[in-house]
Amino acid sequence: MIKILALQQLYNLADDALEYQLLDRRSFLRFLDLTERSSVPDAKTIWLFRDRLAQAGVSNQVIEPVQQ
């Protein structure tokens, strides 16, 4: 999931757009070490994960290195 957030930051994608790209791009799947048969998290799951990181107060530690 951390790698998914990294892709989201690098490509400046909304959650729905990220879900679509995860399903559409093989390069994203390779980066995430997934296959086409793997289950890809949906937009709601991505949002919940990012929200839980924020609630735990560690979202900056995870997202900040990608932004630089």
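I started with Ala54, which is partly exposed at 43% relative accessibility. The cut-offs I used: buried is under 20% relative accessible area, exposed is over 50%, and partly exposed is in between (1.4 Å probe, protein chains only).

Before going on, a note on the model: it is predicted, so I took local features only at pLDDT of at least 70 and side-chain atom pairs only at pLDDT 80 or more, while totals for chains, interfaces and linings use all residues. Residues are numbered from 1 along each chain as its sequence is written, and side-chain values use heavy atoms, with hydrogens and water left out.

**Ala54, continued**

I found Ala54 in helix H4, residues 43–56. Helices here are DSSP runs (H or I, at least four residues), numbered from the N terminus. I also checked Ala54 against Phe31: the two are 23 residues apart in sequence, and their C-alpha atoms are 24 Å apart in space.

**H1 against H2**

Next I looked at how two helices pack. In general, such a pair is described by the angle between the axes and the distance between them. Helix H1 covers residues 2–11 and helix H2 residues 15–24; their axes come within 10 Å and cross at roughly 110°. That makes H1 roughly perpendicular to H2, the label for angles of 65 to 115 degrees. The axes are lines fitted to C-alpha atoms over the stretch in contact, and angles run from 0 to 180 degrees between N-to-C directions.

I noted the handedness too: H1 passes H2 in a right-handed crossing, meaning that the near helix is turned clockwise from the far one by less than a right angle.

Which residues of H1 and H2 meet? On the H1 side I listed Ile4, Leu7 and Gln8, and on the H2 side Asp15, Leu18 and Leu22. Contact here means heavy atoms within 4.5 Å. I sorted these residues into four nonpolar, one polar and one charged. In that scheme Ala, Val, Leu, Ile, Met, Phe, Trp, Tyr, Cys and Pro are nonpolar, Asp, Glu, Lys and Arg are charged, and the others, Gly among them, are polar.

**Salt bridges**

How many salt bridges does the structure hold? I got three, with the criterion being a side-chain nitrogen of Lys or Arg within 4 Å of a carboxyl oxygen of Asp or Glu.

- Asp15 pairs with Arg50, with the closest N and O atoms 2.9 Å apart. This pair links distant parts of the chain, since Asp15 sits in helix H2 and Arg50 in helix H4, 35 residues apart. I have Asp15 as buried at 14% relative accessible area, whereas Arg50 is partly exposed at 23%.
- Arg26 meets Glu36 at 3.1 Å, N to O. Arg26 lies in helix H3 and Glu36 in the loop between H3 and H4, so the pair ties together parts 10 residues apart in sequence. Arg26 is exposed at 56%, and Glu36 is exposed at 55%.
- Asp33 meets Lys3 at 3.5 Å, N to O. Distant parts of the chain are linked here as well: Asp33 is in the loop between helix H3 (26–31) and H4, Lys3 is in helix H1, and they are 30 residues apart. Asp33 comes out exposed at 64%, while Lys3 is partly exposed at 36%.

**Gln21**

Leaving out residues up to four places away in sequence, Gln21 touches Leu13 and Phe28.

Definitions and conventions:
Helix = DSSP H or I, 4+ residues; strand = E, 2+ residues; numbered from the N terminus. Parallel < 35°, antiparallel > 145°, perpendicular 65-115°, else oblique.
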